[in-house]
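Open the model in your viewer and keep the selection tool at hand. Each stop below says what to select next and what is there.

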Amino acid sequence: MRLLKTPQAQPAVMRALNPNRTPGRLVPLELAPRHVHALGLTYAAHINETGGEADGPAIFTKDPSSLLHEGDTVKSPSHDALLMAVERLDARLVASLAGRSSALPPLLDYEVELGLLLLEDARAADLERPGFAPPVGYFLANDVTARSVQVLGEGRPDRMAFWCAAKSFPGFLVPGPLLWVPETPQAAACLDVTLSLSVNGEPRQQGRTMDLILSPRELLLQAARAASSGVLEKGDVVLTGTPSGVAFTVPSWKRRVGALLPASARLSAALRAHARNPRMLKPGDVVEMDGGVLGRRRFTIG
């Protein structure tokens, strides 16, 4: 799990796959991934709103058990569940947070994304070739995140491990209903759809997939390079990152300063800024995401 440097956060040069004109098929989405690879900071506007500047994309994993298999309720993790997730990474850090028994909200956030489903194995060596067309299907997804856990990892060498923990609670991977598969795999191309998300009917996110700063092939390459085997396996899922509009935003100067603070001070600052942020998700909120041809899905925070 690592963070890559990119010289500029500009949209990639890639061909748009229009589902109305590009031969392909829509099928019901069925997921049972052994691995979920995820990338973050892949849209310029989202990099700006989170203070990421040109540090992305971030590469991390998401526990496959986070897939929401049944129902339409995503349970907000309890205080104990949050502490257990942090304890697996740093028991001493949990001890320093012991006095926060009533002041550790999850700071729950939404991230609508374009997901890629590997239809065949894809090796890093193949993905390095610009003309290689990775065999993938496209689907709608939401990468729900407990920002309180994520912020504890800022400034640490194992930062991405905290990202993984923050995004791997049960139900935190919410898939859409459909998979679009091009009739012929396409190189240097991306399904052209607009991703949008609302909370309780209020529009929050809207972004075009053609604004990704890397093409799907390049995103898959980064994920394959980060995998210990150097291979993305058939059935694996790759999440390509979210456009702007998330609830948890951080100015770049504040992120730089915050990375120098102790973990407890970072958490305190995040709680002061966002504990009463009305855009953070809370029990009873209804989240609806839309991916055009990829369908829609609604879920409720429990």
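Start at the second largest pocket, which holds about 320 Å³ of space. A pocket here is an open set of points on a 1 Å grid over the protein atoms alone, where a 1.4 Å probe fits, with protein on both sides within 12 Å along at least five of seven lines. Its volume is the space filled by probe spheres set on the points, which are joined across faces, edges and corners. The model is predicted: local features need pLDDT of at least 70, side-chain atom pairs count only at pLDDT 80 or more, and totals for chains, interfaces and linings use all residues. Residues are numbered from 1 along each chain as its sequence is written, and side-chain values use heavy atoms, with hydrogens and water left out.

Select the lining of this second largest pocket: 15 residues, each with an atom within 4 Å of a point. Ala 85, Arg 88, Ser 168, Phe 169 and Pro 170 lie nearest the centre. Helices α2 (79–87) and α6 (159–166) each give two or more residues to this lining. Helices (H or I, at least four residues) and strands (E, at least two) are DSSP runs, numbered from the N terminus.

Next, select Leu 68, in the loop between β5 (58–62) and β6. Leu 68 counts as buried because its relative accessibility is 10%; buried means under 20% relative accessible area (1.4 Å probe, protein chains only).

Which order do its five strands take? The order is β6-β20-β19-β15-β16, in an open sheet with mixed pairing. Two strands pair if DSSP finds at least two bridges between them. The edges are β6 (73–74) and β16 (202–208). Two bridges join β6 to β20 (residues 296–301), and these strands run parallel. Zoom in on Thr 73: Thr 300 in β20 stands opposite.

Then select helix α7 (residues 216–226). Eight of its eleven residues are buried, including Leu 219, Leu 220 and Ala 223.

Finish at Leu 232. Its contacts include Leu 220, Ala 223 and Ala 224, which are buried residues of α7. Leu 232, Tyr 138 and Phe 139 have the most contacts inside the largest nonpolar core, which has 93 residues. Such a core is a set of buried Ala, Val, Leu, Ile, Met, Phe, Trp, Tyr and Cys residues joined through side-chain atoms within 4.5 Å.

Terms used: Buried < 20%, exposed > 50% of the residue type's maximum accessible area, 1.4 Å probe, protein only. Contact = heavy atoms within 4.5 Å. Lists of a residue's contacts leave out its neighbours within four places in sequence.
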